[in-house]
Structures are given as structure tokens and as C-alpha cells.
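Here is a short report for a reader new to this structure. Take a look at the model before reading on.

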Amino acid sequence: MTNQSKINNVVILGGGTAGWMTAAALSKSLSHLNITLVESDRIGTIGVGEATIPTMQFFNNLLGIPQHEFLKQTQGSYKLGIQFENWRKLDHDYFHAFGSTGKGLWAAGFHDFWRKGVNNNACRDYSKYNIEAVAAKAGKFGRLQTPLNHAYHLDAGLYAKMLRSLSEKQGVKRVEGEVEYVRQDSESGYITGLTLKDGSKLDGDLFVDCSGFKGLLINETMKVPFNDWSHWLPNDRAIAVQTRSDKPPAPYTRSIAHHAGWQWRIPLQHRMGNGIVYASEYMSDDEAEALLLSSVEGEVLTTPRPIKFKTGYRQELWHKNCVAIGLSGGFIEPLESTAIHLIQQGILRLIKLFPEHGIDALEVAEYNLSATLDYEQIKDFIVLHYKVTERDDSPYWQFCKNMDIPESLEKRLNLFKKTGRFIQRQEELFVDSWLQVMIGQGLVPDRYHRIVDEMTDQQLEQFLDKIASSLEQQVATLPSHAEYLKRYCSASM
Ligand SMILES: Cc1cc2nc3c(=O)[nH]c(=O)nc-3n(C[C@H](O)[C@H](O)[C@H](O)COP(=O)(O)OP(=O)(O)OC[C@H]3O[C@@H](n4cnc5c(N)ncnc54)[C@H](O)[C@@H]3O)c2cc1C
């Protein structure tokens, strides 16, 4: 195999969310390829990863999966955002909802009007002006003239099953077995094939590493270095457990901060996904498990599953003829449910830059550059949640509050605090989200845009009230989230 060879045979190593998403999308978009996916039932998958962001709609559309069918098959629910509890301080919560908050006017952002409103005691709660947040808090979901921005909660195992069936219909060959040995060309270092424990061989032109955290190809074989971000994001462990739902599913994820980490609650139709993410330097495994089990609701259905991880990403996600997608390529803790999005990004980028006529260093460099940008931008957004806090009630929070942060984040936070300015950067995924989280965590700008003073105080109050009451009226017309699911997406149908 040389870098000039035509690429016809693609081998995907791993059948978790990353592997089957890759198989489904490649077989749909590049149907001439011979695609083989190898997975090991003995090793299994990570078995978590159940909250998403709105970009998942785009991916399902690409695969031709209708939304209601998707939710039925994955026992899924709608997600309008995340409620952050105890993050800014104890007994405080705020909402990060999808979609934008309020509306800007005359070149000023809505947050400028809100900021002056706070000075005038005309408002306080920023989420009152975001329709997704208002609907989420009311437990509602449905169709409005302007559709609600939403993502999904899903059962990852059922999603992989659904994608496997789709991929196999599209011609993907599935092999069950454990890869024991990776063969490489002695000169070029390109991967030429995988040898399984039973001695069978899988040869290919391009290898997609979806083997999970260990990164059997990108890490253990290719030895691509890892950029470690644990000095900014010290959480390195998680424990996941499922419970029986004892109430209707809420249309949002809950993220509850603890003294050395945080806990998620992801409501599905048939059960609740729960887990705790924590830093082993500040909390022992036993303490984390006890804390998790003492704070879940409903009957515990599974044995708590411990997971170790390291935050960061591979310096090259595409190296020679190996592309790492999913956990093998990198991981940023699941606070904003971005991992499945990063998988999608990797897949879509691979489809766009697919090396049909051989591997071109320029295409590879382009792939790695934009993949890096994705990781870097998300990393800054996640670090924001820890750095901007009033909490100092434990050594963990004292560390987070006082830690050095990436320069790019430092500049952004200082600019917002001093001037109220927030500028979207190149191809940035989260935009309004930054404002919601900065304000939610307690970073309120010192100033607002001068344009806001063009309104009298009374006009400003009316402007703010009108937005809030219009949202409330629209939300009042919606059915409850549970009713909506039952009517259109019930898994029992
Ligand atoms: C605690 C936690 C919470 C998370 N929550 C979210 C979330 O809410 N939202 C989100 O978007 N993401 C989340 N993620 C990330 C998400 O779980 C992963 O991105 C997603 O599941 C993809 O995993 P994967 O397919 O890369 O790896 P895995 O699921 O680990 O799959 C690896 C595959 O490789 C196979 N394999 C490995 N070695 C071999 C071998 N030698 N031979 C054959 N097969 C092999 C395995 O059998 C398996 O099929 C979370 C992650 C963690 C750790």
C-alpha cells in the first residue's frame, strides 16, 4: 500500500456509536466502497453517551432516518437544553437552552438590553427570554410556527443496533471477532490489515479507528501523541448507572454539581440514565459511587459501571491511512454532550475529503486542522463552566476557580466582563450558549452597548416584558413533553 493507491476497501475497527455511525454514513454517501466493520462482543462498548446537541438532526437527516421513528427505536426523548444546578453556587440553578435568547436590536445584542434591565430592576432571569428554556421548565414540547431548537436523549445501545441494521442493508459487512495484531507496511508504516484472534485476516486501504479509549490503531499502532488537557479539566473518572423512571421524562438534561465533580440525569422513555463524573484526585471511587447511588431517583436497574478517561485529543486524528473517530481520537468530558457531535464532524469531514485517489498530505492536513479547531473551541467552552464560579467550598472548586486557563478563553472572558462584547469565532459551534453559560455562571458584564440608551427606561421594560410574555403565551399552547412523546414517538407503538 502506498499513498497513491486508490481507496476502495475501508475497514472500521469498532462497533460502538462511533463505528456504526461511520459505517452508516460512509455506506450511504460513498456507496461504491467495500466497507467491513469488525467488533468484539467480548470487549463490548462503553455503553454511555445518551445526550446530544441539535446537530444530530442533520446527521439523522443525512441517513434518511425520520425523527419520530428514531425516537421510537431508541426509546428517546427531546432535549431542549441542560439545567445546571449548584454550578455557580450552592442552591442556584440556571438553564443553557438551545436556540437564542431574546432578540438583538440596532446592532446591540439582546444581552445588552437585559444588562440595563438588570440595572433598572426590570429583569434578572436571562432564561425567561429563551423559548426553549421556558418550554423545558414547563415540561412542554411540540410544534410552533418557529420550531423549537432541540436535540435528543437516546439509548446508545439501541441507536447502534438501529445503525447496524441500516448499514448492513447498505452493504456493510460485519465481522465479529477480536483484533489481535495490526499489520503495517514496513516502509511506509501504512496499515495493511488486521489479524483476528481466530487467525482470520482483514485487509484494507483505509482504516477507521473506532476502537474506543485505547485507540488500537491511532495510539497503540501509530503512536500518535495525545494532547493532555487534564490541567484544565481534571475530571478523569465516571460511574454510570440506570434507574427506572418514576416520572414522565423531562425535555432536558440535568447536570448537578457536587464537591468534586458533577452528576448527570438523562431521561429516556423507559429509564433514566445517571452518572457521576469526578476527579480522582479529589474524590475516591467508593465515595463517588456512594454519592451517586444516594442521589438517584427510582429503582436502580444496573450495576454501577466505572469508567476511566483522560481529557484531550490526538495531535493528528488522521495519520497515514488511519482516521480516528470517537473516543480513540479524543475525549472532552460529557458536560455539554459534545462527543457524538465530534463523531459526526469527523465522519462528515472524512466524506468531504475522502481520499478516493490516494492519500494526499494536503487533504490530511486540512482534516487535522479543522478537527483540532473543533476540539479547541469545545474545550474552552467546557473550561468556562469550571473557571467562572463563586464556589470555593471544596479543594476541587478552589482549584477550578484559581486555575490558569487557555489564553483564548481568558481574552474572551475579560472582554465580556469589561465591555459586554461577545464575538463569534470561525465556524464556532456554540454561540448563544456562551452568553447563557457566562451569565448563568455569574459573569455579568460591567457595561452594556451605548445603543440601548436610545430606549427610555419605560420602553426598555416594555421591550423585555413583551418578549417574555410572548414566549409564555406560545409555550402555553404546547402539549406536555410526555403527551407529545406518547402521541408521536411512543416506543410501545
Ligand atoms: C462517562 C461518559 C459519558 C458520556 N456521555 C455522553 C453524552 O451524554 N453525549 C455524547 O455525545 N457522548 C457522551 N460520551 C461519549 C460517548 O459515549 C462516545 O463518544 C460514544 O459512545 C462513542 O464511543 P466509541 O464508539 O468511540 O467507543 P466504544 O463504545 O468503546 O466502542 C469501541 C468498539 O471497539 C471494539 N473493539 C475495541 N477493541 C477491539 C479489538 N481488539 N477487536 C475488535 N473490536 C474491538 C469494541 O468491541 C467496541 O465495539 C460519554 C462518554 C463517557 C466516558
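The text below covers a helix pair and then salt bridges.

This is a predicted model. Start with two helices. Helix H2 (residues 56-63) packs against helix H9 (residues 339-352) at an angle of about 45 degrees. Their axes are 10 Å apart. H2 and H9 are therefore oblique to each other. Their crossing is left-handed. On the H2 side, the contact involves Met-56, Phe-58, Phe-59 and Leu-62. On the H9 side, Ile-340, Gln-344, Ile-347 and Leu-348 take part. Of the residues in this contact, seven are nonpolar, one is polar and none is charged.

Now the charged pairs. The whole structure holds 26 salt bridges. The table lists some of them.

| Salt bridge | N to O distance |
|---|---|
| Arg-88 and Glu-390 | 2.9 Å |
| Arg-237 and Asp-285 | 3.0 Å |
| Lys-247 and Glu-297 | 2.9 Å |

Take Arg-88 and Glu-390, which form a salt bridge. Arg-88 lies in the loop between strands S4 and S5, and Glu-390 in the loop between helices H10 and H11, so the pair ties together parts 302 residues apart in sequence. Glu-390 is partly exposed, at 37% relative accessible area.

Next comes the salt bridge of Arg-237 with Asp-285. Arg-237 sits in strand S13 and Asp-285 in helix H8, 48 residues apart. Arg-237 is buried, at 18% relative accessible area. Asp-285 is partly exposed, at 32%.

Lys-247 and Glu-297 also meet in a salt bridge. Lys-247 is partly exposed, at 49% relative accessibility. Glu-297 is partly exposed too, with 30% relative accessible area.

Finally, a network of salt bridges links Glu-39, Asp-41 and Arg-174.

Technical notes:
Residues numbered from 1 in each chain as written. Predicted model: local features only at pLDDT ≥ 70, side-chain atom pairs only at ≥ 80, totals over all residues. Heavy atoms only, no water. Axes fitted to C-alpha atoms, helices over the stretch in contact; angles between N-to-C directions. Helix = DSSP H or I, 4+ residues; strand = E, 2+ residues; numbered from the N terminus. Parallel < 35°, antiparallel > 145°, perpendicular 65-115°, else oblique. Left-handed = near helix turned anticlockwise from the far one by under 90°. Contact = heavy atoms within 4.5 Å. Nonpolar A, V, L, I, M, F, W, Y, C, P; charged D, E, K, R; others polar. Salt bridge = Lys/Arg side-chain N within 4 Å of Asp/Glu carboxyl O. Buried < 20%, exposed > 50% of the residue type's maximum accessible area, 1.4 Å probe, protein only.
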